[in-house]
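Work through the two exercises below with the model open. Try each task before reading its solution.

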Amino acid sequence: MRPDAQPVLTARGVFIEYEVDPPVKAVRNASLTLHRGEILGLAGESGCGKTTLAYGLNRLLKAPALMTAGEVTFHDADGRDIDVVELRDESLRTFRWDKVSMVFQGSMNSLNPVMSIRRQLHDVFTTHRPGMRRREREARCAELLGLVGVDPSRLSSFPHELSGGMRQRVMIAMALALDPQVMIMDEPTTALDVVVQRGIIREIMRLRERLGFAVIFITHDLPLLIEISDRIAIMLEGEIVEQGTAAEVYRAPRHDYTKRLLASFPSLRGERGDFVRRGADTTTGDAA
Amino acid sequence: MRDIRQRAGILEAQHLVKDFRLRDGVRLSTLHAVKDVSFSLEPGRTVALVGESGSGKSTIARMMAKLETPSSGRVIIDGKPSADRGRGLAQYRRDVQMVFQDPFGSLNPFHTIRHHLERPLRIHHPGWSSSQVRNHAHELLERVQLTPASRFADRRPHELSGGQRQRVAIARALAPGARFIVADEPVSMLDVSIRLGVLNLLADLQREERLGVLYITHDLATARHFSDEILVMLRGEIVERGPSDRVILDPQHEYTKTLLDAAADPENLGMLRDEVRNGG
């Protein structure tokens with residue numbers, strides 16, 4: 001499925017504040033449009049408000065954080081528009097995870113250590129699909145693990161028996177459970193080794209092609225974002241300072257901060273760029 | 001074999017091996033964390049050690065810093081086996097210092113920055129007067145670009161940013177007059193935009209003071225740009241070594257190629273998507 005022009009989630013003029021003394025304006029006037037089936041990268045340094053904004057889109061903000069202004073609209077596949085900000089109690093509960101799911105930062109550690117993977121996956125269905133039979137649930141759980149490349153026999157395992165990469169895959173399976181239309185991934189692979197990270201990214205891309213969900217991918221790893229995203233938004237101190245396709249952001253960055261961010265990643269195979277080692281070379285060897 | 005005079009000023013690891021005993025219930029098993037690793041650090045040169053977590057990189061760092069005793073093999077400094085206790089060990093610690101990964105955990109929150117720098121100076125230079133120690137601490141702060149030094153000296157770690165703390169950690173490592181620095185992932189916990197600054201600082205100091213640096217990292221790109229030689233580790237063994245540009249641009253070992261393929265490269269934008277789309 002190719003990303004088309006149809007939006008699935010739009011945010012307009014979102015302001016989020018942490019109501020502490022003095023108040024922290026974590027997100028200022030952020031507007032985003034996520035199209036069906038696309039990967040939108042959200043990049044920025046720690047503390048720039050990217051996680052706060054993601055929580056705002058999913059109505060996960062907890063006091064003292066408060067969305068002070070702005071609208072978030074979810075455009076359902078059946079044509080209905082849902083005003084996310086106005087959702088209350090039961091309607092909010094059915095919205096979350098069903099329409100928009102999330103893979104949390106450091107989610108390797110967010111599995112419950114004293115519950116088996118089976119119980120934790122079943123839990124999603126007993127909560128959101130109360131009519132589902134036990135046997136159906138079991139089949140669906142096994143299918144989900146298969147989707148993310150974990151052997152279904154691992155259902156009986158406890159989190160500590162799985163490697164970091166496998167735990168992360170289980171978290172992605174859990175986020176996929178209800179066929180959401182949007183998945184928000186907050187630094188899903190940061191704590192993992194590069195080779196494992198690569199495997200998981202590939203898995204996410206493959207699943208997206210198959211299932212057609214849209215992804216908001218949050219990370220500070222700009223080279224990775226440029227490689228995988230359709231569009232990228234760059235955040236600085238709570239504001240989105242630049243938005244564009246991955247190619248635009250990479251080849252023709254407009255904002256100074258984007259340029260600076262790009263320059264802080266050395267190129268692996270290319271020229272040295274800013275990464276010339278300074279200082280007088282005291283060796284006679286080939287070091288540049 | 002070079003004679004002793006030629007080997008003066010060189011820190012060598014010779015056939016280092018480290019085994020850990022693991023207990024699983026009543027069964028004992030052995031984990032070979034490091035298997036027969038040899039390399040040498042020379043003044044003014046940086047050697048990068050790259051590999052995934054669990055490959056034994058940090059165990060090597062800890063053995064070089066004498067925080068861990070090798071199961072077999074030796075650490076040679078200036079052509080002589082390094083001491084394991086007493087005065088010899090104190091001298092070794094003066095020569096070889098470590099910069100740790102976590103700048104939030106490696107400084108004591110209770111003490112001022114001044115204390116962190118003056119204490120090693122006092123320990124390693126017992127003859128110095130208070131004003132000498134104080135001046136030298138200020139000099140160190142200025143060397144790591146925390147200026148003016150007087151503004152930083154009396155602060156506590158929580159008042160500094162991650163990058164500033166890592167600079168303090170580097171100054172602390174230099175305080176005893178170290179000739180060799182073992183830097184274990186010195187920038188992986190810092191924000192991307194300040195990593196370059198800290199790495200450049202290390203490079204400056206390395207060149208100016210002719211330090212021998214062992215730079216441990218999982219980031220191939222900075223390993224290439226900031227070191228002269230790269231050692232690639234896989235499960236406790238060095239599978240490839242060579243000049244940094246050669247290892248990155250013309251990798252020989254399968255594992256090095258896997259690592260390089262896994263590193264994100266913005267030049268490949270859209271490639272993974274198309275690959276997956278066309279039935280990958």
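A salt bridge here is a side-chain nitrogen of Lys or Arg within 4 Å of a carboxyl oxygen of Asp or Glu. The model is predicted.

**Exercise 1. Describe the interface of domain 1 of chain A and domain 2 of chain A.**

Solution. 

Step 1: Domain 1 of chain A covers 1-99 + 182-191 + 213-266, and domain 2 covers 107-179. Their centres, taken over C-alpha atoms, lie 26 Å apart.

Step 2: list who takes part. Domain 1 of chain A gives 10 residues to the contact, and domain 2 of chain A gives 12.

Step 3: find the area. About 870 Å² is buried between the two domains of chain A, with 59% from carbon and sulfur atoms. On the domain 1 side, A:Trp97, A:Asp98 and A:Met183 lose the most area, together 60% of what that side buries.

Step 4: A:Arg129 and A:Asp98 pair through their side chains at 3.1 Å, N to O. Polar contact joins 3 residue pairs between the domains.

Step 5: sort by class. The domain 1 side that touches domain 2 of chain A has 6 nonpolar, 1 polar and 3 charged residues.

**Exercise 2. Is B:Ser106 buried, partly exposed or exposed?**

Solution. 

Step 1: locate B:Ser106. It sits in the loop between β6 (96-99) and α3 (113-124) of chain B.

Step 2: classify B:Ser106. Its relative accessible area is 28%, so B:Ser106 is partly exposed. Buried would need under 20%, and exposed over 50%.

Step 3: B:Ala169 is 63 residues from B:Ser106 along the chain, yet their C-alpha atoms are 7.5 Å apart.

How values were computed: Residues are numbered from 1 along each chain as its sequence is written. Chains are lettered from A and ligands numbered from 1 in the order in which they are written. This is a predicted model: local features need pLDDT of at least 70, side-chain atom pairs count only at pLDDT 80 or more; totals for chains, interfaces and linings use all residues. Side-chain values use heavy atoms; hydrogens and water are left out. Helices (H or I, at least four residues) and strands (E, at least two) are DSSP runs, numbered from the N terminus. Buried means under 20% relative accessible area, exposed over 50%, partly exposed in between (1.4 Å probe, protein chains only). Domain bounds come from an automatic or database domain assignment. Contact means heavy atoms within 4.5 Å. Buried area is the accessible area (1.4 Å probe) that two parts lose on being put together, summed over both. A polar contact is a pair of N or O atoms within 3.5 Å; within protein, one must be able to donate a hydrogen and the other to accept it, and residues adjacent in sequence count only if both atoms are side-chain atoms. Ala, Val, Leu, Ile, Met, Phe, Trp, Tyr, Cys and Pro count as nonpolar, Asp, Glu, Lys and Arg as charged, and the others, Gly among them, as polar.
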